[in-house]
Every structure is written in structure tokens, then in C-alpha cells.
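Please look over the sequence and the structure before reading on.

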Amino acid sequence: PQRFTFALRVPEWAAAFRVTTPDGKQLLGRPGEYLRLTREWKSGDRVEVDVDMTVRFTPGGKSYPNYVAVERGPLVLALDKGASFDLADINQAALKTLPEQLTAQKPGLYALPGVVMDNGHARDVTLHLVPFAAAREYRIWLPQPAAAPAPGR
């Protein structure tokens with residue numbers, strides 16, 4: 001056994017960060033800080049980390065007012081033309097929902113309800129989002145749900 005400190009950095013975006021120590025204690029970390037575990041460590045000790053990967057909408061601020069980016073944990077998600085619906089212009093897509101309704105279709109592919117303007121009418125679509133690094137023809141900033149047009153209007 002050897003005594004040392006094991007430090008885990010809690011990401012700023014983590015809404016919840018829980019650690020279970022080898023002796024079963026549960027500790028909570030605070031975003032942007034280090035969670036330090038100082039103890040006698042022996043071979044085979046395990047630390048379990050549970051990080052909340054809640055989906056969130058990040059406002060566009062002054063540069064993109066009334067727009068949001070969709071993020072899940074450390075990932076920025078992008079609406080990708082190749083992974084999404086058959087549309088000539090992904091710039092017509094808008095979010096229709098809250099981030100809690102994001103569903104994982106398969107690893108690296110997420111879906112959110114959305115709307116798209118089609119000949120002056122809004123129609124419901126499923127927006128497929130991928131991690132930004134995997135996107136080819138993409139769009140990150142999307143109209144926030146409150147600004148999205150209602151279908152048939």
C-alpha cells in the first residue's frame with residue numbers, strides 16, 4: 001500500500017459528478033474544481049465515476065441571438081445534412097423541443113423533434129445531430145425552440 005492523492009478534475013459542464021471510493025464512500029464534485037482522494041492505495045483498488053451527461057442548449061449570445069447550440073457532456077452536436085432528413089438546405093431547420101427530448105439513435109447519432117419550412121409551411125421533422133467532429137455539411141446554431149414556427153403556420 002502507498003498513500004497518495006488521486007485528483008479528478010470535474011468538468012465545468014457537469015451538472016452532477018459522483019465518485020465511489022474503493023471503500024464504498026460516495027463523494028460529490030463541484031464543477032470546475034478538483035475532487036481529491038487522499039488515502040492508502042493498494043493494488044486492485046477501483047474508483048467509480050458517474051458523470052451527468054445531460055443535454056443542454058447553450059444560448060448564442062450577442063453573435064447568434066435567438067439561437068442555441070445543442071451540447072451533451074463535452075460534445076457540441078451539429079445538424080448534419082448527411083445524417084439528417086432529405087433537405088436541400090439545412091438552414092431551414094429549427095428546433096421544436098426541449099433538450100430533455102434528445103434521444104440516442106445509435107452511438108454518435110442523436111435525434112430531436114424539429115420543424116422545417118417547406119413552401120411557406122412548417123412541417124414536423126426529426127433532426128439528426130452528430131458530434132461536431134464527425135459532421136461534414138453541418139449547422140451548429142439552430143433557432144431556439146421558442147422561436148421555432150408551429151406546423152401549419
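Which pattern does the chain follow when read along the sequence? The pattern is β-β-β-β-β-β-β-β-β-β-β-β-β-β.

## Basis and confidence

The model is predicted: local features need pLDDT of at least 70, side-chain atom pairs count only at pLDDT 80 or more, and totals for chains, interfaces and linings use all residues. Residues are numbered from 1 along each chain as its sequence is written, and side-chain values use heavy atoms, with hydrogens and water left out.

The chain has a mean pLDDT (the predictor's confidence in each residue, from 0 to 100) of 83. A pLDDT of 70 or more is reached by 83% of its residues. Over residues 147-153 the pLDDT stays under 50. For that stretch the model has 18 contacts (heavy atoms within 4.5 Å) beyond four places in sequence.

## Overall make-up

The chain has zero helices and 14 strands. Helices (H or I, at least four residues) and strands (E, at least two) are DSSP runs, numbered from the N terminus.

Of the 153 residues, 35% count as buried; buried means under 20% relative accessible area, exposed over 50%, and partly exposed in between (1.4 Å probe, protein chains only). The chain exposes about 9,400 Å², of which carbon and sulfur atoms supply 50%. Accessible areas come from the Shrake-Rupley method with a 1.4 Å probe; for residues, only the protein chains shown count as cover. Among contacts with a separation of 6 or more, 58% are between residues 24 or more positions apart.

## Strand β7 and its partners

Strand β7 (residues 64-72) runs antiparallel to strand β6 (residues 55-60), and six bridges join the two. Two strands pair if DSSP finds at least two bridges between them. Pro-59 has Val-68 in β7 as its bridge partner. β6 and β7 form a hairpin with three residues between them, and Gly-61 in the turn has a positive phi of about 65°.

β7 is also joined to strand β8 (residues 75-80) by three bridges, again in the antiparallel sense. Here Val-70 stands opposite Leu-77 in β8. The β7 and β8 hairpin has two residues between its strands, and Gly-73 in the turn has a positive phi of about 60°. With strand β14 (residues 142-143), β7 pairs in the antiparallel sense over two bridges; Tyr-67 stands opposite Pro-143 in β14.

## The β3-β2-β5 sheet

Three strands in the order β3-β2-β5 form an open sheet with antiparallel pairing. β3 and β5 (48-51) are the edge strands, each pairing on one side only. Four bridges join β2 to β5, and Arg-18 has Asp-50 in β5 as its bridge partner.

Is Thr-21 buried or exposed? Thr-21 counts as buried because its relative accessible area is 9%. Thr-21 lies in the loop between β2 (17-20) and β3 (26-28). Leaving out residues up to four places away in sequence, Thr-21 touches Leu-27, Leu-37 and Arg-46.

Arg-36 is placed in strand β4 (residues 34-41). Arg-36 counts as exposed because its relative accessibility is 53%. With residues up to four places away in sequence not counted, Arg-36 touches Thr-5, Phe-6 and Ala-7. Arg-36 and Arg-9 are 27 residues apart in sequence, and their C-alpha atoms are 8.7 Å apart in space.
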